[in-house]
Amino acid sequence: MEHQQPIRRKIIHIDMDAFYASVEQRDNPEYRGKALVVGGLPEGRGGVVATASYEARKFGVRSAMSSKQALQLCPHAIFVRPRFAAYKEASQKIREIFSRYTDLIEPLSLDEAYLDVTEDKLGIGSAMDIAKEIKQAIKEELNLTASAGVSVNKFVAKIASDMQKPDGLTFIGPSSVERFIEKLPVEKFYGVGKVTAQKMMNKGLFTGADLKKLSLAEMTANFGKTGAFYYNIVRGIDNRAVQPHRETKSMGAEDTFPYDLTTIDEMHAELDKIAQLVHDRLLKYQLKGRTVTLKIKYADFKQITRSYSHPERLNDLQLIARTAKDLLAVTDLEDARIRLLGITLSNFTPIEPKQKQSSPQLDLFE
Ligand SMILES: [Mg+2]
């Protein structure tokens, strides 16, 4: 990971536009042109927004915001629960379209994937032409729109796909990659979290060009392993390969509260909200896990985690929430002031091992 030479690939990052909401608008004509929110209902206690239609986004509605807040911002919005079976079906058809061009497909979720088209199956050669064809096929065959970013590596392709949404197509060629990253604000860097971005800005580092002034040793000293990674990124180097069988090890969500929680009712209400987020993510990534982990950070920043492993893999909302509450119940909450709660699911591998490893082709028929 230290000083590297760049590997030039042809990478496309495809991201569906407002995916869940677009599928709902496609399947239910009465929702078309309307502010639509897919996710938890605002009447429920822990409802959160999974996806909002562009009509709702105009009012400031965003993913992961509470449905109550979404209703306040956009009182005329229509709220519907997600239909994951429909999204999964659309997602499989989209992947089938990708597979006409390449087998090097790395799905990041139901609505997002990296494609390596350095050598495409049809011998088209131009990654831009392939991206255009894929967008066209998605439109014609599925009646949905996607945005695509085309570049020489994953990092830039992913940022590019977000630049002209919806229905966007953005190309950042080899000669403009470095200049593009130099101009990029650190908070737009994919993978830089809010905390790290803030830390960078506190040090007067606002753009890729600012980061580029630091040596590898300085980047590592300030930002650890991530620092070493971004040392290369700002030089246009991201040699990560597109991995068709990407393994996710854990998936979770957490929330830091504006004020410390002191009552069990407040904690339960927050756990319901967080469980809903975790649940939606599990469905989005089609994962089930055995182990539920509860993370608690107290007002004095002391942090503990407690885990429980179920005999079977699960993605059931009620069970995740209940397990988290049970784990909370066995911690010492006497006089506790809690500033953060988190729930993580892990242990995604089925208990019967090795089935998949022995014949990776199985995936093609899933
Ligand atoms: Mg998307």
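Trainee: How many residues does α4 have, and how far does α4 reach from its first C-alpha to its last?

Mentor: Helices here are DSSP runs of H or I, at least four residues, numbered from the N terminus, and strands are runs of E, at least two. α4 has 15 residues and reaches 21 Å, close to the 21 Å expected at 1.5 Å a residue, where the expected span is 1.5 Å times one less than the number of residues. Keep in mind that this is a predicted model: local features need pLDDT of at least 70, side-chain atom pairs count only at pLDDT 80 or more, and totals for chains, interfaces and linings use all residues. Residues are numbered from 1 along each chain as its sequence is written.

Trainee: Which residues of α4 are buried?

Mentor: Buried means 20 or more other C-beta atoms within 10 Å of a residue's own, exposed means 12 or fewer, and partly exposed is in between, with C-beta atoms placed from the backbone. In α4 the buried ones are Y87, A90, S91, I94 and F98.

Trainee: Why do they line one face of the helix?

Mentor: An α-helix has 3.6 residues a turn, so residues three or four places apart point the same way. The buried residues of α4 fall within an arc of 105° (taken from the directions from the helix axis to the C-beta atoms), so they line one face. Turned away from that side are the exposed A85, Q92 and E96.

Trainee: What do the buried residues of α4 pack against?

Mentor: Contact means C-beta atoms, placed from the backbone, within 7 Å. Those partners are α1 (19-27), β5 (105-109), β6 (112-116) and α5.

Methods:
Contact = placed C-beta atoms within 7 Å.
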